Amino acid sequence: MCYTEGMIQRIGDIAYVSQGIAVSGRGAGARPGDWEVRLAESADISDDRLEFDGLKTISIQHNARTERHLLRPYDVLVTGRSRTLKMALVPPAVSRTVASVTLLVVRPRFPESGMSHWLWYFLTSSIGRSAVQRQIRPGMMIPTLPASSLAEVAVPVPPDTELHRLAEFTEASESAYQASLRAARLRRELLRDSLIEEIAGKLRAE
């Protein structure tokens, strides 16, 4: 499919949407085994990013079904069972990691086009979040977002000549954002340590 002219498309028209794998319970799609993989869950998404340091390791059977559930670089994760709607873009360094049943995996049909970055950028915007929120079904315990409902969300797709440029812009924007957060944390720590040292020094001098 070509997006040269730009158009409004359903997510299901430009990406595969599937639910993560259940690793426990009667309907588990992954049985205990000796194949170690990392498990990404809703709680592992923070500030629109997947926190790899906190992922737990599980041991499941290695077969064609579990192999299909391995995350790929630039998959987009969306919470399917959660009180808080969260999204994340899977980084390129991902390896032997699966998404739990609480997550939906959005895999663009042509990820190399820059579509992954665009989908993530759109879904994390206020407009995208509102569109997804309208597809969420209220539940007695936890609201749910079926894969079929997420696939119905309409996305404004830029011309394919723009997608690579937008992907580069997204990467640069995220890098700058993360750098600013690190700098802010460093300034806060330095200010705190300096203030405590100043007060402690005055007390020692008395």
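1. Leaving aside neighbours within four places in sequence, D44 is in contact (heavy atoms within 4.5 Å) with L39, R49, L50, E51, G54 and L55. D44 lies in the loop between β3 (32-40) and β4 (45-46), where strands are DSSP runs of E with at least two residues and helices are runs of H or I with at least four, numbered from the N terminus. This is a predicted model, in which local features need pLDDT of at least 70 and side-chain atom pairs count only at pLDDT 80 or more, whereas totals for chains, interfaces and linings use all residues. Residues are numbered from 1 along each chain as its sequence is written, and side-chain values use heavy atoms, with hydrogens and water left out.

2. D44 is buried yet has no salt bridge, and the nearest side chain of opposite charge, K56, is 8.0 Å away. Buried here means under 20% relative accessible area, exposed means over 50%, and partly exposed lies in between (1.4 Å probe, protein chains only). For charge, Lys and Arg count as positive and Asp and Glu as negative, while His and the chain ends are not counted. A salt bridge is a side-chain nitrogen of Lys or Arg within 4 Å of a carboxyl oxygen of Asp or Glu. A polar atom of the D44 side chain does, however, lie 2.8 Å from the backbone nitrogen of E41.

3. The K56 side chain instead meets that of E41 in a salt bridge, at 3.9 Å from N to O. This pair links distant parts of the chain, with E41 in the loop between β3 and β4 and K56 in strand β6 (residues 56-60), 15 residues apart. E41 counts as partly exposed because its relative accessibility is 27%, and K56 counts as partly exposed at 43%.

4. The structure holds six salt bridges. One of them joins R129 to D48, with the closest N and O atoms 2.6 Å apart. R129 lies in helix α4 (residues 126-133) and D48 in the loop between β4 and β5 (49-50), so the pair ties together parts that are 81 residues apart in sequence. With a relative accessibility of 23%, R129 counts as partly exposed.

5. R49 and E51, both among the contacts of D44, form a salt bridge with each other, the closest N and O atoms being 3.5 Å apart. E51 is partly exposed at a relative accessible area of 32%, and R49 is partly exposed at 32%. Elsewhere, salt bridges that share partners join R10, D13 and E152 into one network.

6. Helix α3 (residues 115-123) is mostly covered, with eight of its nine residues buried. The buried residues are M115, S116, H117, W118, L119, W120, F122 and L123.

7. On the surface, L195, I199 and L203 form a nonpolar patch with about 290 Å² of accessible area together. I199 is placed in helix α6 (residues 160-205) and counts as partly exposed, its relative accessibility being 46%. Patches are made of residues with over 30% relative accessible area and no salt bridge, with nonpolar side chains (Val, Leu, Ile, Met, Phe, Trp, Tyr) joined within 5 Å and like charges within 9 Å.

8. A93 is found in the loop between β8 (87-89) and β9 (97-99) and counts as exposed, at 65% relative accessibility. A93 and R72 are 21 residues apart in sequence, and their C-alpha atoms are 9.1 Å apart in space.

Definitions and conventions. Polar contact = N/O pair within 3.5 Å; in protein donor to acceptor, adjacent residues only side chain to side chain. Areas by Shrake-Rupley, 256 points an atom, 1.4 Å probe, with all protein chains shown as cover.
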